[in-house]
Amino acid sequence: MKLPTFAFTVLFSGAAFGACVKPDILELPLVPNGEEASADAMLEAQSDVNAFVKAGEGYLECGRVEPFIHNLYVYQIERAAGTYNLELERFKQRSALANN
């Protein structure tokens, strides 16, 4: 009776580990200058940053990450989101000035 349980565990744990893909966290998504970018460029950057954050968070949720690597991922995720948010604010300010 132990063998089927063992086989089931091995088969499905392999599938779970396969879902933990290590993304390239060192290459941040490109974010355009909000003072010059078009709305389409900002939307594309938003999509890229969201995908970057989701991939990084997904890898961290695997729970098999060394503390230094974990902190690096968190730093890079926050850096990418912070850069996008700063440029988005600049974009919104430019848009508000253009509408006045």
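**The largest nonpolar core**

A: The largest nonpolar core contains 16 residues, and those with the most contacts inside it are Ile 25, Met 42, Leu 60, Tyr 73, Ile 77, Tyr 84 and Leu 88. A nonpolar core here is a set of buried Ala, Val, Leu, Ile, Met, Phe, Trp, Tyr and Cys residues joined through side-chain atoms within 4.5 Å. Helices α2 and α3 each supply at least two residues of this core, and the largest share, seven residues, comes from α2. In soluble globular proteins, nonpolar side chains tend to be buried together.

The model is predicted: local features need pLDDT of at least 70, side-chain atom pairs count only at pLDDT 80 or more, and totals for chains, interfaces and linings use all residues. Residues are numbered from 1 along each chain as its sequence is written, and side-chain values use heavy atoms, with hydrogens and water left out.

The setting is a protein with three helices and zero strands, in the order α-α-α along the sequence. Helices (H or I, at least four residues) and strands (E, at least two) are DSSP runs numbered from the N terminus. Of the 100 residues, 22% count as buried; buried means under 20% relative accessible area, exposed over 50%, and partly exposed in between, with a 1.4 Å probe and protein chains only. The protein exposes about 7,400 Å², and carbon and sulfur atoms supply 60% of that area; the areas come from the Shrake-Rupley method with a 1.4 Å probe, and for residues only the protein chains shown count as cover. Among the contacts with a separation of 6 or more, residues 24 or more positions apart account for 74%, where contact means heavy atoms within 4.5 Å.

Helix α2 covers residues 39–60, 22 residues in total, and reaches 31 Å from its first C-alpha to its last, close to the 32 Å expected; the expected span is 1.5 Å times one less than the number of residues. The buried residues of α2 are Met 42, Ala 45, Val 49, Phe 52, Val 53, Gly 56, Tyr 59 and Leu 60. They cover an arc of only 130° around the axis, which puts them on the same side of α2; the arc is that of the directions from the helix axis to the C-beta atoms. An α-helix has 3.6 residues a turn, so residues three or four places apart point the same way. Asp 40, Leu 43, Glu 44 and Lys 54 are exposed, on the face of α2 turned away from its buried side. Glu 57, also in α2, is partly exposed with a relative accessible area of 40%, and its C-alpha atom is 8.2 Å from that of Tyr 73, 16 residues away along the chain.

The cover over the buried residues of α2 includes α3 (67–99), and the cover over those of α3 includes α2. With 33 residues, α3 reaches 48 Å from its first C-alpha to its last, close to the 48 Å expected. Its buried residues are Tyr 73, Gln 76, Ile 77, Ala 80, Tyr 84, Glu 87, Leu 88 and Phe 91.

Met 42 is in α2 and counts as buried at 2% relative accessibility. Leaving aside neighbours within four places in sequence, Met 42 is in contact with Pro 32, Gly 34, Ala 37, Tyr 84, Glu 87, Leu 88 and Phe 91. The C-alpha atoms of Met 42 and Tyr 84 are 8.6 Å apart, across 42 residues of chain.

Tyr 73 touches Lys 22, Pro 23, Ile 25, Gly 56, Tyr 59 and Leu 60, not counting residues up to four places away in sequence. The loop between α1 (2–18) and α2 holds Pro 29. Beyond its neighbours within four places, Pro 29 is in contact with Asp 48, Val 49, Phe 52 and Ala 80. Pro 29 and Phe 52 are 23 residues apart in sequence and 7.1 Å apart, C-alpha to C-alpha.

There is also a charged pair to consider. The count of salt bridges comes to one, a salt bridge being a side-chain nitrogen of Lys or Arg within 4 Å of a carboxyl oxygen of Asp or Glu. It joins Glu 87 and Arg 90, whose closest N and O atoms are 2.9 Å apart. Both residues lie in α3, three residues apart, about one turn of the helix. Glu 87 counts as buried at 9% relative accessibility, whereas Arg 90 counts as partly exposed at 31%.
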